[in-house]
Amino acid sequence: MPLKRKIQELQKKREVVLKGGGDAAIEKQVAMGKMTARDRIISLLDKETFTEYDLFAEHEAVDFDMDKKTLAGDGVVIGTGTIYGASMCIFAQDFTVAGGSLGNMHARKITKIMDHALKMKIPLIGINDSGGARIQEGVSSLAGYGEIFFRNTLSSGVIPQISVILGPCAGGAVYSPALTDFVFVVEKISKMFITGPEVIKTVLGEEISMEDLGGARVHSEITGNAHFYAQSEAECFEQIKKLVSFIPLSNLKKAKKFPPKDPISKYQIEDIVPGDPKQPYDVRDVIKAIVDDSDFFEVHELWAANMVIGFGRMGGETIGFVCNQPLVLAGVLDVDSSDKAARFIRFCDAFNIPIVTLVDLPGYLPGVDQEHAGVIRHGAKVLYAYSEATVPKMTVILRKAYGGGYIAMGSRHLRADFVFALPGAEIAVMGPEGAANIIFRKEIASAEDPEKVRKQKVKEYKDKFANPYVAAAKGYIDSVIEPKETRKILLHAIEVSENKAVYLPKKKHGIPPF
Amino acid sequence: MEKTSKTSDSDASSATGAKTSGGKTSKTSGSIKEGKSSAAVKSSNGKGNGNGNGDCGNGKLRCKSLIVDGTKYRTQLNKKFENRKLWEPHNPKKITSLIPGTIIKIDVKVGQTVSEGEQILILEAMKMKNKILFGMDGTVKSIHVKEGEKIPKDFLMLEMK
């Protein structure tokens, strides 16, 4: 039975390749607290849905005796499968095979699955665990990186792209994750940097560990390169699954609708937002008072925490939240929080996710370091992103909305569709103290008791302008609402915006202040 | 060498020499301190005038120069490099201000045992009474601020044991 023998031959061949780098290498991988590439894919995807391609791919390198070596699958596993029934394209670099180094065939496998994802309009998940370029293949491996970056860029805004860093990702390789929409890192396992500790030591004479230079915490707290931080690979996969449940397959689709559910009743906006504008509170509690089942999935939780972004559902539909966080740095807009908000707004806009903005901020953060760090350029990104976004935009002014911060945070002037304000809202060009000092400078200076006059003028200004009614009288806000009405009116606004259609002037693309 | 080497790789050795003679104690090449010329310093001169890192050659950046045996040598060591802020590991026991403001209330005393999440003080800044909380359990070692004091950013407010 010749066919039977051929089938046996195939099974044998498969068995060999599925071993990856062999038992010793797998043992080493496991000892580092890491799963193997295939195990990772299998535990991430729905049970028995993973279908692998290019299992028998072989490299074509000949230099440095490479022609005598075989590398199982050339160090990368590619395929398709589903998460909660939604189709995904996925690749995972296999560190047990030549350190997951990227050669020509390795790159061609990755680009093949990327092309699939773009054609089929389904999300791409890339699991990175690689020592870097395969030196023996020289410029071919650089070419491979370039091809990957190019496809990352083409796919941007068409399909969601997710990068998972489960091992080293150094040098040029870091730019693929940087071009994707969401980056996941795991404590002690993820390492990302352009130049490693060795180079830094040689060039600058500074000593720093890999963990301190580009570990998981560094990228989720300081650089903002990573969006999600987990303690273990298993936790990381749960986060990915949760994210996938909130986002659509592509820019042609809307996110999956879930059955609506009321928020947990212990979250009441009236109890959360203090009347005294100087008292901080956690804006995430306000979000929990608004979203279905009080289930809010935060993005970039540890970085630039003075801005809170993330996904929740309202009436079963995915909503992107962009909120100032009075608990951290008084909720100011600064360089990092502007970047954070702007990019998230653009993601939501690209993937048809309505945006709810909760405003409570004193303005942009003053200071030499902020100015010199380019708060003008970075702050402009928020204005750009809001103005350009054509998805439904709802804004609720919870309390303070002063100066440039008021304009930036989804104001009517940037074409918010609905702007509501709570009765405690203060919408003015600047705070009462500063404003009174400028407007009544002469009166205060010439008074017998300047301090008394100053206080009186501050109060006058406060009574007259630190409220939502001046803006309401001009139609800049649509309605002053009671806190308990917030969810209801937002649900109504989302329903009304269901078929929103806005067309921007025809252009190749805009030029955001990158 | 590893302690003081600098930007341009070809001139790494010259930078080493320069820093040493600039009055800084360094582990490498003590010979220059004694005023003896060394190969390292000489190579600095040769490169500085010719094909060295252009920044120093055309004098746009202020570089240190040193005199050895009556000859003036220009080095690659510029002010910017010397004054650069070295990376320091984050010390959770030192609590510094993230924003300039006024201390309006201090809730702890020196020697007090505190636990994570407890309030340290209130820092009024940007129209907000910001609550500063402990990020870890421990004992207060010293407090460097008073109520009513105005502090800048990155000011050391409190130390933990």
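Leu358(A) is in contact with Val283(A), Val286(A), Ile287(A), Phe321(A), Cys323(A), Val396(A) and Leu398(A), once residues up to four places away in sequence are set aside. The model is a predicted one, and every value below is computed from it. Leu358(A) also belongs to the largest nonpolar core, which has 138 residues and in which Phe184(A), Ile345(A), Leu358(A) and Ile397(A) touch the most other members. Helix H13 (residues 335-350) of chain A is the element that gives the most to this core, with 7 residues.

The secondary structure of chain A comprises 21 helices and 17 strands, and its C-alpha atoms fill a box of roughly 105 × 55 × 45 Å along the principal axes. Of the 514 residues of this chain, 47% count as buried. Among the contacts in chain A with a separation of 6 or more, 74% are accounted for by residues 24 or more positions apart.

| Helix pair | Axis separation | Angle |
|---|---|---|
| H13(A) and H15(A) | within 8 Å | roughly 20° |
| H4(A) and H5(A) | 8 Å | about 10° |

For the pair formed by H13(A) and helix H15 (residues 375-388) of chain A, the axes cross at roughly 20°, and the two helices are therefore roughly parallel to each other. The crossing in which H13(A) passes H15(A) is left-handed. On the side of H13(A), the contact is made by Val335(A), Ser338(A), Asp339(A), Ala341(A), Ala342(A), Ile345(A), Arg346(A) and Asp349(A), while H15(A) contributes residues including His378(A), Val382(A), Ala385(A) and Glu388(A). Sorted by class, this contact of H13(A) with H15(A) holds 9 nonpolar, 3 polar and 5 charged residues. Ile345(A), one of the residues through which H13(A) meets H15(A), is also among the core residues that touch the most other members.

The other pair joins helix H4 (residues 104-120) of chain A to helix H5 (residues 139-155) of chain A, packed at an angle of about 10°, and these helices are therefore roughly parallel to each other as well. Among the residues that make the contact are His106(A), Ile110(A), Met114(A) and Leu118(A) of H4(A), together with Gly144(A), Ile148(A), Arg151(A) and Leu154(A) of H5(A). The residues of this contact divide into 8 nonpolar, 7 polar and 3 charged.

Individual residues of chain A illustrate several surroundings. Phe182(A) is found in strand S7 (residues 182-186) of chain A and counts as buried because 23 C-beta neighbours lie inside 10 Å. Leaving aside neighbours within four places in sequence, Phe182(A) is in contact with Ile162(A), His227(A), Phe228(A) and Leu243(A). The C-alpha atoms of Phe182(A) and Ser163(A) are separated by 6.1 Å, although these residues are 19 residues apart along the chain. Ile439(A) lies in helix H17 (residues 432-439) of chain A and is partly exposed, with 13 other C-beta atoms within 10 Å. Between Ile439(A) and Lys507(A), which are 68 residues apart along the chain, the C-alpha separation is 44 Å.

Chain B, by its secondary structure, has 4 helices and 10 strands, which follow the pattern α-α-α-β-β-α-β-β-β-β-β-β-β-β along the sequence. Buried residues make up 28% of its 161 residues. Of the contacts in chain B between residues at least 6 apart in sequence, 50% join residues at least 24 apart.

Where the chains meet, 18 residues of chain B are in contact with 19 residues of chain A. Strand S7 (residues 128-133) of chain B gives the most to the side of chain B that touches chain A, with 4 residues, and that side as a whole divides into 8 nonpolar, 4 polar and 6 charged residues.

Most residues other than glycine have a negative phi. Phe64(A), however, has a positive phi near 55°; this residue is found in the loop between strand S1 (51-53) and strand S2 (76-83) of chain A and is exposed, with 12 other C-beta atoms within 10 Å. In chain B, Asp154(B) has a positive phi near 60°, lies in the loop between strand S9 (150-151) and strand S10 (156-160) of that chain, and counts as exposed with 11 C-beta neighbours inside 10 Å.

Methods. Residues numbered from 1 in each chain as written. Chains lettered and ligands numbered in written order. Predicted model: local features only at pLDDT ≥ 70, side-chain atom pairs only at ≥ 80, totals over all residues. Contact = placed C-beta atoms within 7 Å. Nonpolar A, V, L, I, M, F, W, Y, C, P; charged D, E, K, R; others polar. Core = buried A, V, L, I, M, F, W, Y, C linked by C-beta atoms within 7 Å. Buried ≥ 20, exposed ≤ 12 C-beta atoms within 10 Å, placed from the backbone. Axes fitted to C-alpha atoms, helices over the stretch in contact; angles between N-to-C directions. Parallel < 35°, antiparallel > 145°, perpendicular 65-115°, else oblique. Left-handed = near helix turned anticlockwise from the far one by under 90°.
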